[in-house]
Amino acid sequence: MRHWIENYSHSVTRRDFLKGAAAGGFVVGLHLSPLGKSHPFSGIGAAQAAEGVELPQGAFMPNVFVAIDKKGIVTVVCHRSEMGQGIRTGIPQIVADELEADWSRVRVVQAEGDSKKYGNQYTDGSRSIRHNLQRMREFGAVTRTMLEQAAAIKMGVKAAECKAVNHRVVHVPSGRAMDYGQLVDTAATLKIPSVKDVQLKDPANFRYIGKPVDTIDGPDIVTGRAIFGIDKRLPGMLYAVVEHCPVTYGKVKSFDASEALKVPGVVRVVELPQTQPPIVFNTLGGIAIVAKNTWAAEQGRKKLKIEWDYGPNVVYNSDKFKEEMAQTARSDAKVVRQEGDAVAAMGRASKVIEADFYVPHYAHATMEPPAAIAHYKDGKCEVWSACQDGQAARSTVAGALGIDEKNVTSYVTLLGGAFGRKSKPDFAAEAALLSKQMGAPVRVTWTREDDLQHAYYHTVCAQHVKAGLDENGRCIAWHHRNVFPTIWSTFEKSDPEYGHKIEFSLGYIDMPYAIPNLRLENGKAKAHVRIGWLRSVNNIPNAFVQNTVANMLAYEAGRDPYDYLLELIGPDRVLDLSSTDYWNYDQTYDEYPIMTWRLKNVLRMAAAQAGYGRKLPEREAIGLAVHRSFTTYVATAVHVRVSKDGKVSIPRVDVAYDAGLVVNPDRAKAQMEGACIYGMSAAWACQITAKNGVIEQKNFPDYPVVRIMDAPREIHVHQVLAGDYPPGGIGEPGVPPFIPALTNAIFAATGKRITELPISKYDLSA
């Protein structure tokens with residue numbers, strides 16, 4: 001039976017299924033082709049991914065990101081990780097545009113993790129384009145300039161008379177032209193010019209930047225050729241799973257592996273060391289089962305007998321912790337932003353409202369759980385991981401093995417989703433430690449259960465808001481406290497308990513409302529699990545609370561929520577945050593200030609496109625919310641329909657965004673669409689809870705991400721054209737406003753106010 005299962009599993013893997021589907025006819029191709037011709041780039045041939053292909057030998061390579069061979073093929077090295085956001089298309093788009101390359105002759109290869117060579121490779125914080133647009137343009141422009149100089153030498157003309165046009169350099173006065181491939185030998189002999197001496201393109205002449213170019217990896221993904229972390233294989237490799245302590249930071253007291261070793265295919269049982277705080281990205285420790293295949297490793301794990309020392313976090317119970325945080329949120333706390341005198345103004349208010357809010361832990365729940373392969377040999381280690389930052393995998397593996405980073409080579413595969421989880425390469429360190437023990441390549445695979453029960457969780461958060469209105473319904477005072485275990489508990493030896501300024505800057509102290517008396521505070525909370533960043537991070541609870549309270553104030557004032565929200569944002573201005581310690585997503589505030597008119601623009605567009613204000617049937621309504629995060633402005637309008645038995649459906653969502661200059665609007669659209677689905681999962685039914693320190697959720701049945709039948713029927717994404725502003729983040733900003741737009745819509749449809757997530761806790765029946 002086991003043999004049959006192994007053969008069956010081999011014969012119908014996801015990859016084989018996809019390949020078979022593609023090979024079964026022209027169905028996929030016939031569906032792709034019309035889509036490819038539906039946008040302005042239909043006439044441009046596709047660039048190609050080149051997974052596992054090394055840079056061409058003897059190519060002209062003026063910098064580490066660009067190479068051109070004698071056939072004229074341009075190879076662009078992508079130093080960021082591809083997890084579905086399209087960065088392996090976006091980076092080459094930028095380079096190819098400035099290089100004047102023919103897109104059909106562009107290839108992309110994945111960079112190894114090497115910060116000294118490529119700079120920051122952390123693919124998180126929605127900053128890959130923000131941090132790389134200018135430098136990638138410069139790399140492309142330098143290369144183009146050198147090709148123009150080479151053409152001038154070969155033609156015996158002045159360089160100023162030569163101009164690169166679509167993979168050729170043309171001598172403008174005579175019309176003579178040479179292909180890039182004919183120029184690389186000469187270009188390679190030239191001195192690389194300074195960036196100051198090259199001319200960047202006028203944005204009006206962009207060929208690829210700002211255009212909806214098809215994703216380079218798409219064809220490989222849909223035909224099963226793409227290699228994700230869980231797909232990678234090495235000759236002679238072994239397979240491992242790790243049993244971690246059920247309680248975070250607990251450790252092994254003793255274990256009996258005798259029964260596990262009797263399972264056919266199990267090779268060895270290995271204890272992984274317990275890392276001392278700070279945990280950072282290091283291993284949790286535990287007992288690893290190493291086997292000839294993952295199935296055997298899983299069966300062996302079931303036979304383990306382990307006695308655990310659960311440690312101090314065994315006291316963690318979500319219900320009790322929630323009560324404690326709520327109490328803290330109602331008590332005096334550390335002031336993080338203050339303007340005017342909110343306490344005194346509250347005493348003058350005609351009406352005061354108060355509300356408590358709660359947002360639970362979330363797990364990333366990636367479709368592909370964490371997986372990595374490591375091969376340690378002769379003091380050196382190669383590691384392949386589905387990791388958001390190959391450089392972090394490199395340094396973490398080196399630290400775990402006690403060797404120098406120069407002896408670790410870190411390869412990055414495609415990622416089957418990440419959402420922040422795969423910024424933490426603890427699973428790569430596990431594979432490295434086991435490979436050293438076994439003297440063979442070892443792949444570690446986290447199961448879905450491992451992933452949900454031992455994640456770096458999105459922080460749980462309690463908030464309390466008290467707001468005062470004057471006799472005209474205007475908000476004159478806002479007193480707000482939030483309480484959450486900090487991410488810094490993962491990175492520091494002792495839990496700071498208070499939040500960090502970066503966390504305050506994620507939609508809290510940068511609240512854009514024009515309220516004369518404002519007091520924002522932060523209370524202490526202890527972390528009992530690993531806290532990590534998850535898509536949008538603290539912006540999720542902060543946007544939920546701010547937009548909900550704005551909606552509540554409109555209701556109390558007897559005003560329309562849309563008009564009231566615009567009024568609350570106030571006059572067009574740059575938000576003055578000089579009185580706060582504000583972190584602006586790694587950008588200077590001069591370059592990326594908070595401009596309230598951009599907030600109002602996206603809000604107006606979302607409302608207009610959704611048809612806000614039109615009459616709808618009973619128990620149907622449109623809710624609105626707006627939020628700036630990762631320097632991008634997003635407004636969401638959610639149309640809900642709530643049946644009398646409490647079932648919620650979403651006929652339509654309209655998302656309006658202003659991200660300044662957008663390199664690939666098609667990928668941006670996809671990110672906003674995905675953000676709605678991700679936000680809906682967080683809003684509707686997902687939550688991570690602990691009982692006696694043990695996470696109660698195990699798999700999708702009790703952590704139900706949104707399925708297609710419950711997803712919004714239509715999602716419309718509208719770009720507010722603002723190319724004069726520098727690029728903003730794209731991957732995360734769509735999530736925060738979705739949740740309050742949904743809950744505001746539910747209130748308008750049913751009169752039931754949602755102040756605690758997930759929404760599924762509420763009875764929404766008539």
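Biologist: Which residue takes a positive phi just after H19?

Modeller: Please keep in mind throughout that this is a predicted model. Helix H19 covers residues 596–610, and the residue that takes a positive phi of about 75° just after H19 is Gly611.

Biologist: What does H19 reach from its first C-alpha to its last, and what would be expected?

Modeller: Helix H19 has 15 residues, and the expectation is set at 1.5 Å a residue. The reach from the first C-alpha to the last is close to that expected value, with both given as 21 Å.

Biologist: What covers the buried residues of H19?

Modeller: The buried residues in H19 include Thr596, Arg598, Leu599, Val602 and Leu603, and Ala606, Ala607 and Ala610 are also among them. What covers the buried residues of H19 includes helix H18 (561–569), together with strand S23 (620–629), strand S24 (632–642) and strand S25 (648–658).

Biologist: Is Asp586, in the loop between H18 and H19, buried, partly exposed or exposed?

Modeller: Asp586 has a positive phi of about 70° although it is not a glycine, and it lies in the loop between H18 and H19. A residue is buried under 20% relative accessible area and exposed over 50%. Because the relative accessibility of Asp586 is 39%, Asp586 counts as partly exposed.

Biologist: Is Thr631 buried or exposed?

Modeller: Thr631 is found in the loop between S23 and S24, and it has a positive phi of about 70° although it is not a glycine. Its relative accessible area is 3%, and therefore Thr631 is buried.

Biologist: Which residue in S22 is the bridge partner of Glu339?

Modeller: Strand S22 covers residues 517–523 and is mostly covered, with 6 of its 7 residues buried. Ala477 stands opposite Asn517 in S22, whereas the bridge partner of Glu339 in that strand is Leu518.

Biologist: At roughly what angle do the axes of helix H4 and helix H6 cross?

Modeller: Two packed helices are described by the angle between their axes and the distance between the axes. For helix H4 (residues 87–99) and helix H6 (residues 128–155), the axes come within 7 Å. H4 passes H6 in a right-handed crossing, and the axes cross at roughly 35°.

Biologist: How many nonpolar residues does the contact of H4 with H6 have?

Modeller: Ile87, Ile91 and Ile94 are among the residues that H4 brings to this contact, and those of H6 include Ile129, Leu133 and Met136. By class, the contact of H4 with H6 has 4 polar and 3 charged residues, and the number of nonpolar residues is 10.

Biologist: Where along the chain is Leu401 found, and which residues does Leu401 touch beyond four places away in sequence?

Modeller: Leu401 is found in helix H12 (residues 390–401), and at 7% relative accessibility it counts as buried. The C-alpha atoms of Leu401 and Lys436 are separated by 8.1 Å, although these residues are 35 residues apart along the chain. Leaving out residues up to four places away in sequence, Leu401 touches Tyr376, Cys381, Ala432, Leu433 and Lys436.

Biologist: Which peptide bond has omega near 0°?

Modeller: A cis peptide bond with omega about 5° joins Leu757 and Pro758, and Pro758 lies in the segment after helix H21 (738–750). Pro278 lies in the loop between strand S11 (266–272) and strand S12 (286–291), and the cis bond with omega near 0° is the one from Pro277 to Pro278.

How values were computed
Residues are numbered from 1 along each chain as its sequence is written. This is a predicted model: local features need pLDDT of at least 70, side-chain atom pairs count only at pLDDT 80 or more; totals for chains, interfaces and linings use all residues. Side-chain values use heavy atoms; hydrogens and water are left out. Axes are lines fitted to C-alpha atoms, for helices over the stretch in contact, and angles run from 0 to 180 degrees between N-to-C directions. Helices (H or I, at least four residues) and strands (E, at least two) are DSSP runs, numbered from the N terminus. A crossing is left-handed if the near helix is turned anticlockwise from the far one by less than a right angle, and right-handed if clockwise. Contact means heavy atoms within 4.5 Å. Ala, Val, Leu, Ile, Met, Phe, Trp, Tyr, Cys and Pro count as nonpolar, Asp, Glu, Lys and Arg as charged, and the others, Gly among them, as polar. Buried means under 20% relative accessible area, exposed over 50%, partly exposed in between (1.4 Å probe, protein chains only). Two strands pair if DSSP finds at least two bridges between them. The expected span of a helix is 1.5 Å times one less than its number of residues.
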